[in-house]
Number of protein chains: 2
Amino acid sequence: MKRNFDVNHFVEELSKNCAITEIKKFKKDEIITTYLIRRNQMFILLKGEAYLARYDSEGNRRIIYYLKKNDVFGEAFYKIHTNRELFVVAKKDCEVLMLPYETLENCNKDCMFHITLLKNLPDLILNRVADINYRTELLTNKSIKGKLLSYLNNLAIENNSKKFEIPISLSELADYLVVDRTAMMKQLKKLQDDKIISKNKNKITILKDDLLNEV
Amino acid sequence: MKRNFDVNHFVEELSKNCAITEIKKFKKDEIITTYLIRRNQMFILLKGEAYLARYDSEGNRRIIYYLKKNDVFGEAFYKIHTNRELFVVAKKDCEVLMLPYETLENCNKDCMFHITLLKNLPDLILNRVADINYRTELLTNKSIKGKLLSYLNNLAIENNSKKFEIPISLSELADYLVVDRTAMMKQLKKLQDDKIISKNKNKITILKDDLLNEV
DNA sequence: AAAAATCTGTTGTAAAAACAACAAAAACAA
DNA sequence: TTGTTTTTGTTGTTTTTACAACAGATTTTT
């Protein structure tokens with residue numbers, strides 16, 4: 001069950017074969033799409049980073065999640081359930097593959113691009129599902145400490161090492177874990193005081209064997 | 001983009017056509033599957049209710065999420081990221097469609113069951129994704145009040161009415177929102193005192209126009 | 001029909017987290 | 001390189017939440 005498919009590898013096919021699909025570029029902070037006005041499109045992030053966010057009545061931004069290379073997104077993955085819009089915003093300069101939903105299956109039969117895309121779409125979606133599932137599991141921790149330990153434990157496994165770097169800023173991490181940043185800093189400090197981890201900026205070393213026992 | 005497919009409608013095809021796939025029954029509290037030992041199976045819940053949970057070293061259960069009729073699940077939707085097992089447990093008596101992953105695409109060509117299944121699998125998965133996305137959005141609320149209001153607001157939209165019933169027990173709701181039940185009860189009481197909602201057991205009436213402005 | 005289990009509801013207390021207000025360091029842009 | 005913005009880091013205060021301990025109502029099981 002390999003799932004290492006990179007969309008960029010076959011995008012060059014696109015320019016040669018497919019007239020329907022297009023790639024659009026977005027500058028930092030530009031709105032890529034919204035989720036309330038139904039656009040019947042699917043999107044794949046080819047380059048850059050983006051996030052899905054909601055804005056409340058006071059203009060506060062709440063980040064639902066971050067999107068990275070190869071992530072699929074679009075309203076197809078969401079049900080309408082509020083009168084407030086969801087925005088996908090470019091966090092850095094982005095390149096986005098725009099896929100009109102209705103043409104997904106009935107493009108030209110010879111279109112190598114669509115053949116390859118359809119073959120790999122399930123895997124792209126499964127990857128996305130795995131990401132969301134993972135975040136959900138993080139968020140089922142009731143305490144900041146629990147969220148942190150789950151997150152760090154996972155990073156250690158991914159890096160196959162007890163020494164690793166947190167790949168996002170600590171501010172972003174606080175957003176991702178849905179906690180106040182300064183409260184998170186206090187917990188990080190406590191983890192150091194208790195000799196469970198050591199830390200220098202974003203560099204972490206895990207000192208205990210089984211982090212999850214510490215929750 | 002209709003997504004109302006019900007697996008049960010074509011399950012009778014199964015018994016006539018397909019020798020590979022099987023349906024298993026599970027009694028309440030039985031373990032349907034685990035997610036760490038790779039079984040390379042996908043599952044569809046035909047009847048009953050189940051939940052995905054993790055147990056910590058003290059035996060405390062943490063529910064990652066609930067599964068309902070037509071939900072697809074299995075380790076394909078998850079990445080391995082911890083040394084502690086995930087369990088799918090029957091909450092009520094269940095009927096589960098067991099789909100060995102490798103046979104998904106190469107069953108007998110005449111097998112109407114697999115043809116129909118493959119045609120509808122993407123929609124089943126998208127439904128699942130929508131559910132998880134929705135829950136994630138709920139969990140991005142920092143306060144119990146915010147979680148409650150998002151949840152209730154959604155129910156009002158789904159029911160197309162300001163009067164509706166919470167379809168799960170309040171204990172389950174607290175689990176779902178990842179908050180302490182008694183703390184949630186206090187917030188529910190406060191919402192009543194502030195005349196934002198009225199409530200009798202699980203029956204809710206929303207008294208304000210735009211709940212999300214109250215967060 | 002009785003017993004057991006689950007669910008709703010309440011209260012007080014302890015613990016945790018959010019919020020606010022800064023300062024220094026680092027990264028980025030003009 | 002200088003100014004601007006973002007990020008890391010710390011500390012006190014206030015608010016929120018979890019936890020514990022109940023009791024009555026409801027549902028499920030035997």
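A crossing of two helices is called left-handed if the near helix is turned anticlockwise from the far one by less than a right angle, and right-handed if clockwise. In this predicted model, local features need pLDDT of at least 70 and side-chain atom pairs count only at pLDDT 80 or more, whereas totals for chains, interfaces and linings use all residues. Residues are numbered from 1 along each chain as its sequence is written, chains are lettered from A, and side-chain values use heavy atoms, without hydrogens and water.

We can turn to the helices of chain A. Helices (H or I, at least four residues) and strands (E, at least two) are DSSP runs numbered from the N terminus. Helix α3(A), residues 144-159, packs against helix α5(A), residues 181-193, at an angle of about 65 degrees, and their axes lie 10 Å apart. That angle makes the two helices roughly perpendicular (65 to 115 degrees). The crossing of α3(A) past α5(A) is right-handed. To the contact (heavy atoms within 4.5 Å), α3(A) brings I144(A), K145(A), L148(A) and L149(A), while α5(A) brings A183(A), M184(A), Q187(A), L188(A) and L191(A).

The strands come next. Four of them form an open, antiparallel sheet in the order β2-β7-β4-β5 of chain A, where pairing requires at least two DSSP bridges between two strands. β2 (31-34) and β5 (61-67) of chain A each have a single partner strand, so one side of each is left without a neighbour in the sheet. Three bridges join β2(A) to β7(A), residues 86-90, in the antiparallel sense, and T33(A) stands opposite V88(A) of β7(A).

How values were computed: Axes fitted to C-alpha atoms, helices over the stretch in contact; angles between N-to-C directions. Parallel < 35°, antiparallel > 145°, perpendicular 65-115°, else oblique.
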